[in-house]
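Visitor: I would like to learn how to read a sheet and a few backbone angles in a model such as this one. Could you take me through it step by step?

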Amino acid sequence: GINAEYGGAALWKYTISRCNKFYVHVQRDENVLFSPVSEITDIGFLPPVVRPGSAALISLLGGAGQHGRVSLLDLDRGSFISTYYVAESNVWSCCWNSQDHHSLCIGASKEGYVQDIVTNTRQVLFTNKSDVLCICCAEKSPLVYTGSRNKLLICHDLRAKNAAYQIEHQSSVGDMKLLQSEQGLISSAFNGQVVQWDLRTQRHVVAYPGHVNDYARVKLKVDESESLLMIPGKDLQTRIWSVDTGALINTLPPPADDTLISNHNIPACEVALNWAGFYPGFAIAATGLLHWYSL
């Protein structure tokens with residue numbers, strides 16, 4: 001399997017293999033994939049139908065004379081496939097549009113975009129002039145969801161110019177995950193609020209208490225069966241909840257001593273039922289260390 005660690009300094013590739021049921025060997029490649037010119041703000045793998053092999057979609061913040069950008073990266077060769085710039089703007093988030101397989105979505109300063117990589121055209125997603133900190137796409141319909149600094153979670157219908165509807169969080173929306181039914185969405189806010197929304201009624205139906213945050217963009221993870229939700233907090237603890245009930249199942253420590261990890265380096269996490277092709281488990285990484293926990 002392939003995993004990636006990302007931050008402001010470099011992008012690395014890890015090869016993961018199982019040694020026994022309770023121990024997974026993780027080997028980081030000696031050579032860095034690339035050293036970005038600015039902070040990496042988002043990363044995701046491309047589906048095989050789009051690009052056979054290992055490829056990722058990566059967004060770079062920009063600033064200090066650099067334009068924000070989104071790049072397609074060949075992880076096997078460590079080379080760029082293509083890059084899309086957003087002039088005079090920061091880029092906070094990105095995702096592949098699985099509904100049409102030839103466009104990607106960009107969350108930037110004051111608005112979002114849908115970039116068609118075939119025609120090289122760009123559709124604007126209006127967000128009341130607020131930074132798009134997270135973005136995701138539906139697969140069954142031409143809908144794009146944006147989470148913004150102004151507390152709004154907005155559903156954009158790509159067939160129309162206006163937003164379909166909007167939902168207000170208690171504070172800035174840091175990340176979100178559209179569930180497979182596309183009738184539910186889990187989102188987290190800067191003040192620690194984590195909820196699941198019923199998109200048919202635009203009301204929250206499950207709350208996930210205990211998350212610690214006040215300003216950071218942290219990624220939330222949901223396993224393939226959509227039974228477990230996992231989020232690292234500003235207190236460096238990673239919490240796991242039941243997706244259906246909101247019950248807190250476990251709290252995991254960081255992979256290194258707290259004194260070695262700053263609040264600017266909150267651990268990253270991943271959960272999978274078929275980790276590295278073998279057993280289900282969690283991975284938590286920070287300061288160059290990765291810990292794996294079996295389920």
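Guide: Please keep in mind that this is a predicted model. We can begin with a pair of residues that face each other across two strands: Val 195 stands opposite Ala 207 in β19.

Visitor: How many bridges join β18 and β19, and in which sense do they pair?

Guide: As a general idea, strands of a sheet pair through backbone hydrogen bonds, and the pairing may be parallel or antiparallel. Here β18, which covers residues 194-198, pairs with β19 in the antiparallel sense over four bridges.

Visitor: What is the order of the strands in the open sheet, and which strands stand at its edges?

Guide: The open sheet has four strands in the order β16-β17-β18-β19, with antiparallel pairing. The edges are β16 (173-178) and β19 (203-207), and because each has a single partner strand, one side of each is left without a neighbour in the sheet. Neighbouring strands of this sheet are turned by 30 degrees against each other on average, with direction ignored.

Visitor: Is Asn 120 buried or exposed, and what does Lys 151 count as?

Guide: Asn 120 has 56% relative accessibility and so counts as exposed, the cut-off for that class being over 50%. Lys 151, at 33% relative accessibility, counts as partly exposed.

Key:
Residues are numbered from 1 along each chain as its sequence is written. This is a predicted model: local features need pLDDT of at least 70, side-chain atom pairs count only at pLDDT 80 or more; totals for chains, interfaces and linings use all residues. Side-chain values use heavy atoms; hydrogens and water are left out. Two strands pair if DSSP finds at least two bridges between them. Axes are lines fitted to C-alpha atoms, for helices over the stretch in contact, and angles run from 0 to 180 degrees between N-to-C directions. Buried means under 20% relative accessible area, exposed over 50%, partly exposed in between (1.4 Å probe, protein chains only).
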